[in-house]
Amino acid sequence: MTPKKAVQTFIKEYPSLKIVSLKDYYNAYLITAYKTPDEMDPFYLVDKTDGFIRRYTIAENPSKYYDTKDIDIKDSWLR
């Protein structure tokens, strides 16, 4: 699955959430998305193989989160 496809899959499942970042997170893409900026743990993993989306907390491995670079999200992916 490409980053673009992961974003589009996520939007179909959670159309009311605002995506603010995307990371290549080993066997998944990590999307940060929320309704309001003050939400706790606004993180979701999109599996690269099957597109399964699950909630995630970066508290599982904070250094992994901070060591992983963001992927630039193209505006066209959000439509």
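Leu-78 touches Val-7, Ile-11, Ile-19 and Ile-73, leaving aside residues up to four places away in sequence. The model is predicted. Leu-78 lies in the segment after helix H2, which covers residues 62-67. With a relative accessible area of 38%, Leu-78 is partly exposed. The cut-offs explain the label: buried means under 20% and exposed means over 50%, so a value in between counts as partly exposed. Lys-18 is 60 residues away from Leu-78 along the chain, yet the two C-alpha atoms are separated by 9.4 Å.

The protein chain holds 2 helices and 4 strands. Along the sequence they follow the pattern α-β-β-β-β-α. The radius of gyration is 12 Å, close to the 12 Å that the globule rule gives for 79 residues, so the protein chain is as compact as a globular protein of that length. The C-alpha trace spans about 30 × 30 × 20 Å along its principal axes. Among contacts with a separation of 6 or more, 42% join residues 24 or more positions apart. Of the 79 residues, 37% are buried. The accessible surface comes to about 5100 Å², and carbon and sulfur atoms account for 50% of that area.

The 4 strands form an open sheet in the order S1-S2-S3-S4, with antiparallel pairing. Strand S1 (18-25) and strand S4 (53-56) stand at the edges; each has a single partner strand, so one side of each is left without a neighbour in the sheet. From one strand to the next, the twist averages 30°. Strands of a sheet pair through backbone hydrogen bonds.

The strand pairs can be taken in order. S1 pairs with strand S2 (residues 28-34) in the antiparallel sense over 7 bridges. Here Lys-23 stands opposite Leu-30 in S2. S2 and S3 also run antiparallel, paired over 5 bridges. Thr-32 stands opposite Phe-43 in S3. S3 is joined to S4 by 4 bridges, again antiparallel. Phe-43 has Tyr-56 as its bridge partner in S4. S3 and S4 form a hairpin with 5 residues between them. In the turn, Gly-51 has a positive phi of about 75°.

Helix H1 (residues 3-13) lies across S1, S2, strand S3 (43-47) and S4. H1 runs at about 45° to S2. S3 is mostly covered, with 4 of its 5 residues buried.

The largest nonpolar core has 13 residues. Phe-10, Ile-19, Leu-22, Ile-31, Ala-33, Tyr-44 and Val-46 touch the most other members. H1, S1, S2 and S3 each give two or more residues to this core. A second, separate core has 8 residues, including Tyr-25, Ala-28, Leu-30 and Tyr-65.

Leu-22 has contacts in several parts of the chain. Not counting residues up to four places away in sequence, Leu-22 touches Pro-3, Val-7, Tyr-29, Leu-30, Ile-31, Lys-69, Asp-70, Ile-71, Ile-73 and Trp-77. Val-7 and Ile-73 are also among the residues that Leu-78 touches.

Technical notes
Residues are numbered from 1 along each chain as its sequence is written. This is a predicted model: local features need pLDDT of at least 70, side-chain atom pairs count only at pLDDT 80 or more; totals for chains, interfaces and linings use all residues. Side-chain values use heavy atoms; hydrogens and water are left out. Two strands pair if DSSP finds at least two bridges between them. Axes are lines fitted to C-alpha atoms, for helices over the stretch in contact, and angles run from 0 to 180 degrees between N-to-C directions. Contact means heavy atoms within 4.5 Å. Buried means under 20% relative accessible area, exposed over 50%, partly exposed in between (1.4 Å probe, protein chains only). The radius of gyration is taken over C-alpha atoms; the globule rule is 2.2 Å times the number of residues to the power 0.38. Accessible areas come from the Shrake-Rupley method with a 1.4 Å probe; for residues, only the protein chains shown count as cover. A nonpolar core is a set of buried Ala, Val, Leu, Ile, Met, Phe, Trp, Tyr and Cys residues joined through side-chain atoms within 4.5 Å.
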